[in-house]
Amino acid sequence: MKYIFLDIDGVLNNYTSGTILDDQNVQVFKELCDALGDVHIIISSSWRFFDDALMDLKECFESYGIPLWEGITSKNRKLQREEQVLLYMSEHNIAEEEMVILDDIYFFKKLKHRFVNTSMKDGLTAKDMERVLGLFEVS
């Protein structure tokens, strides 16, 4: 099993495009999902708090043929992002080697070896995609 804990801002968009979801970043994510095959997407982004944002994301995923996410991390604002990811992993029996975190902000200590740090300036790039594939040992 392969799980991606997905942030949106700084991953599927960037500062330079000025769009809510950047076509180039979304295309790279689509290519990543295609390369991974059976991938499970978990939304860890603050977008999970906003139904209208999730509807925009759903429409985007559908238009690109990206699998819809199967879950979201906890909405408990008292938990740090890493704690939210760890809680989700525990509740769903996800092993560390089965998951990768895509985020533009470094929140992670225990899971830093499964973290791919994107840039808010560029969003998800082909280089980031290669790092994810390497963590999953997919060539």
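Modeller: A salt bridge is a side-chain nitrogen of Lys or Arg within 4 Å of a carboxyl oxygen of Asp or Glu. By this rule the count here is 5 salt bridges. This is a predicted model, in which local features need pLDDT of at least 70 and side-chain atom pairs count only at pLDDT 80 or more, while totals for chains, interfaces and linings use all residues. Residues are numbered from 1 along each chain as its sequence is written, and side-chain values use heavy atoms, leaving out hydrogens and water.

Colleague: Which residue forms a salt bridge with D103?

Modeller: Side chains of opposite charge can pair when their charged atoms come close. D103 pairs with R81, the closest N and O atoms being 2.7 Å apart. D103 lies in strand β4 and R81 in helix α3 (residues 81-91), so the pair ties together parts 22 residues apart in sequence; helices (H or I, at least four residues) and strands (E, at least two) are DSSP runs, numbered from the N terminus. Salt bridges that share partners join D7, R81 and D103 into one network.

Colleague: Are D103 and R81 buried or exposed?

Modeller: Buried means under 20% relative accessible area, exposed over 50%, and partly exposed in between (1.4 Å probe, protein chains only). Both D103 and R81 are buried.

Colleague: How many residues has the largest nonpolar core?

Modeller: A nonpolar core is a set of buried Ala, Val, Leu, Ile, Met, Phe, Trp, Tyr and Cys residues joined through side-chain atoms within 4.5 Å. The largest has 29 residues, and L6 and F29 are among those with the most contacts inside it. Its largest share, 6 residues, comes from α1.
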